[in-house]
Amino acid sequence: MPPRLLEVDNLNAYYGKSHILRGVTFHVDEGEIVGLLGRNGVGRSTTIKAIMGNVPPRGSIRLRGEEIAGLPPYQTARKGLGYVPETRDIFPGLTVKQNLQLGEKPGEVGGRWTMEDMFGMFPQLKDRADTRAGFLSGGEQQMLTICRTLMGDPSLVMIDEPTEGLSPMMVEHVARLLDEIAKRGVAILLVEQKLTIALKISHRLYVMGHGKIVFEGTPAELSSADAIRKEWLEV
Amino acid sequence: MLQLITFSALNGVLYGMLLFMMASGLTLIFSMMGVLNFAHASFYMLGAYFGFEISRRIGFWPGLVLAPLLVGAVGALVERYGLRRVHRLGHVSELLFTFGLAFVIEEMVQMVWGKLPVDYRGPPSLDFVAFRLFDTTYPAYRMFMLSVAVAMFVVLLALLTRTRVGLIIQAALTHPDMVAMLGHNVPRIFMLVFGAGAALAGLAGVIAGPALVTQPAMATLLGPILFVVIVVGGLGSLTGAFVASLLIGLLQTFAVAMNFSLAEVFGPTAPPFLDDLWRVTIAQLAPVMPYILLVLVLIVRPTGLMGTRES
């Protein structure tokens, strides 16, 4: 059996003295959309940050069998992990086009995605290619962040709450895009608080509670697991 | 009057451009790494002394090229083996580190070159009068300083806005973590910017050394003004640093040239109280001017002229 795309094994992380992640174990396969759900503060974002190397991890993180735990963020990114933060973090003073250019990794030619692909998926971005990214709307900024990460040709994109603060129409749009990205062979780890989009597009789901994985299953299984939803997800 | 305005304006712009050569590096380093580099003016002093030493052995022109490169290398090493290690201990440690470094550099300069000013001179080929207006002359060396400063400004601007590294630096000014997560080696960019900033300060030192005085106190004299420049301009704003440099350069030069007091302006209508205060000439106030400007800007616009950040 070939090694899994991403395999996280007994991951622990700390902020100062507080123990945030207490042995998180999960995996993502090639081309899969995996949802990582949970209420605020259970450690979803910390999990991604620990994988990227922004928070020092303890435990094992393997990308296609290669141990990457503890690498600095720029090396994790070069190994093929992409991160779309909840805060979006577009570069407001640069134009849309320049933002996309910075998504390309140094010394890399002929990635899977070109700027034309991005503009094809999001005609709005093409119209505003020379606009400063700071002037884009929230939805446009979200698209730009996703596109910017894709420009680096990642094998796995980890997306933190992509639908936060977007209009229902925009949420639909983002969901379609994520589906499209996965069909092109890029795996997605979708971190969400709300069930809606995650249930719709994920192939498999994990639910987190108190720094651990408390549920693993398909969207259908989670839909029927009322007790899990009540205890760990619903407010 | 015309000659006073012309020469003060020229000198003011020149002084302002010199300030900008240092403030630009300082403000870039601050917004990228969050480090207020107290040793920045020391790199300027190192530039002057390196320039002096090289010009004494092989001439001024090689010094103009080599000294900034050497200072840049020192800066890059300081970042790589000093600041980067201190970084994980937090901002206070970084501040203390650069603060201590300023003292170390000053002491070392005194040990090698002594406490007295050294005899650093410009090249004989620039030892002529550039132009004459009425009965006052303007030295060619000052015109040379001005052109070096302007050339540096153009190159810096082109690098930052036209090259990929420049784009990465601009992006890292606001979001260094995000830039790293796109696969760019941010620690190396930090080292590069720190080294380039030090080299720019060094270049300022090389060309200012012969015109001003090359002495161990030159860093301490200039350092505070630099901080005024970047705070007035807005921390982290390059445009702001440019405007503030010119503003302070002109303000100080014009103030020095104005040899009259408020009492003379008001004549007999001058208020009768605080008699001595009104008799202080504007020229005497010149050294305080930047700080008065600093206080005014902080009252009216705490983020600085072009700054966006609150802290």
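## Briefing on a predicted model of chains A and B

Not counting residues up to four places away in sequence, Thr145(A) touches Val84(A), Pro85(A), Arg88(A) and Ile90(A). The model described here is a predicted one, and Thr145(A) belongs to its chain A, where this threonine is found in helix H6, which spans residues 138-150. Thr145(A) is buried, with a relative accessible area of 0%.

**Chain A as a whole**

- The secondary structure of chain A comes to 10 helices and 10 strands, and its radius of gyration is 17 Å, close to the 18 Å that the globule rule gives for 235 residues, so chain A is as compact as a globular protein of that length.
- Taken along the principal axes, the C-alpha atoms of chain A fill a box of roughly 50 × 40 × 35 Å.
- Of the 235 residues of chain A, 54% count as buried, and among its contacts with a sequence separation of 6 or more, 69% are accounted for by residues 24 or more positions apart.
- Chain A exposes about 10000 Å², and carbon and sulfur atoms supply 51% of that area.

**Residues of chain A in loops**

- Most residues other than glycine have a negative phi.
- Is His210(A) buried or exposed? At 60% relative accessibility, His210(A) counts as exposed, because the cut-off for that class is over 50%.
- Thr218(A) is found in the loop between E10 and helix H9 (219-224) of chain A, and with a relative accessible area of 30% this threonine is partly exposed.
- Leaving aside neighbours within four places in sequence, Thr218(A) is in contact with His203(A) and Leu205(A).
- Thr218(A) and Gly41(A) are 177 residues apart in sequence, and their C-alpha atoms are 23 Å apart in space.

**Chain B as a whole**

- Chain B has 14 helices and 2 strands, and its radius of gyration is 21 Å, close to the 19 Å that the globule rule gives for 311 residues, so chain B is as compact as a globular protein of that length.
- The C-alpha atoms of chain B fill a box of roughly 70 × 50 × 40 Å, again taken along the principal axes.
- Of the 311 residues of chain B, 50% count as buried, and of the contacts that join residues at least 6 apart in sequence, 77% are between residues at least 24 apart.
- Chain B exposes about 14900 Å², of which carbon and sulfur atoms supply 71%.
- The side chains of chain B include 16 positive and 13 negative ones, and the centres of these two sets lie 13 Å apart.

**Arg88 of chain B**

- Arg88(B) lies in the loop between helix H3 (60-87) and helix H4 (91-113) of chain B, and with a relative accessible area of 70% this arginine is exposed.
- Arg88(B) and Met258(B) are 170 residues apart in sequence and 50 Å apart in space, taken from C-alpha to C-alpha.

**The contact between the chains**

- The size of an interface is often given as the accessible area lost when the parts come together. For chain B and chain A, the area buried between them is about 1700 Å², of which carbon and sulfur atoms give 66%.
- Which residues of chain B lose the most area to chain A? They are Met178(B), Met181(B) and Leu182(B), which together account for 37% of what the chain B side buries.
- The contact takes 17 residues from chain B and 22 residues from chain A.

Conventions: Residues numbered from 1 in each chain as written. Chains lettered and ligands numbered in written order. Predicted model: local features only at pLDDT ≥ 70, side-chain atom pairs only at ≥ 80, totals over all residues. Heavy atoms only, no water. Helix = DSSP H or I, 4+ residues; strand = E, 2+ residues; numbered from the N terminus. Rg over C-alpha atoms; globule rule 2.2 N^0.38 Å. Buried < 20%, exposed > 50% of the residue type's maximum accessible area, 1.4 Å probe, protein only. Contact = heavy atoms within 4.5 Å. Areas by Shrake-Rupley, 256 points an atom, 1.4 Å probe, with all protein chains shown as cover. Lys, Arg positive; Asp, Glu negative; His and termini not counted. Charge placed at Lys NZ, Arg CZ, Asp CG, Glu CD. Buried area = accessible area lost by both parts, 1.4 Å probe.
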